[in-house]
Amino acid sequence: SLERSTIPLKDGIIAYDNIFRGCKKLKHVHLVEEAVLHETIAALQLEEWKNDMKNEIIAINQRLPTARAGVGGDVFDAGEKAQAVQLWISSVLSTIVQYKVRHRSYLNEAATTL
């Protein structure tokens, strides 16, 4: 049974709620472009933002072990793992976009003051 998955950080990459049905051992998701994301996070101005993003990234590996996997033969029981990954991807993307916008705003404000 699947224990780990490596996926790109892309909204809509998990198209079906049943994609991880029956994957009771799935506990870890890694990102394909994790190094690039960490570079982006390191460039953020505030330590609070950096910590928030790091916590956001590891949150899925705390959620997956307790998410139901669903029953393999039951078409009505997709489980919770795919939905957890979908929500996590959306959350990571929206949070990093929010911080990047605020970061640019602070940089523009600082450039204007100079």
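Strands S1 (residues 4-7) and S2 (residues 28-31) pair in the parallel sense, over four bridges. Strands are DSSP runs of E of at least two residues, helices runs of H or I of at least four, numbered from the N terminus. Two strands pair if DSSP finds at least two bridges between them.

This is a predicted model: local features need pLDDT of at least 70, side-chain atom pairs count only at pLDDT 80 or more, and totals for chains, interfaces and linings use all residues. Residues are numbered from 1 along each chain as its sequence is written, and side-chain values use heavy atoms, without hydrogens and water.

Side chains alternate along S1. Buried means under 20% relative accessible area, exposed over 50%, partly exposed in between (1.4 Å probe, protein chains only).

Ile7 has Leu31 of S2 as its bridge partner.

The largest nonpolar core holds 24 residues. Such a core is a set of buried Ala, Val, Leu, Ile, Met, Phe, Trp, Tyr and Cys residues joined through side-chain atoms within 4.5 Å. Leu37, Val85 and Trp88 touch the most other members. S2, H1 (34-42), H2 (47-63) and H3 (81-113) each give two or more residues. H3 gives the most, eight.

Leu37 contacts (heavy atoms within 4.5 Å) Leu9, Leu31, Ile57, Val92 and Ile96, leaving out residues up to four places away in sequence.

Buried residues of H3 include Val85, Trp88, Val92 and Ile96. Their cover includes S1, S2, H1 and H2.
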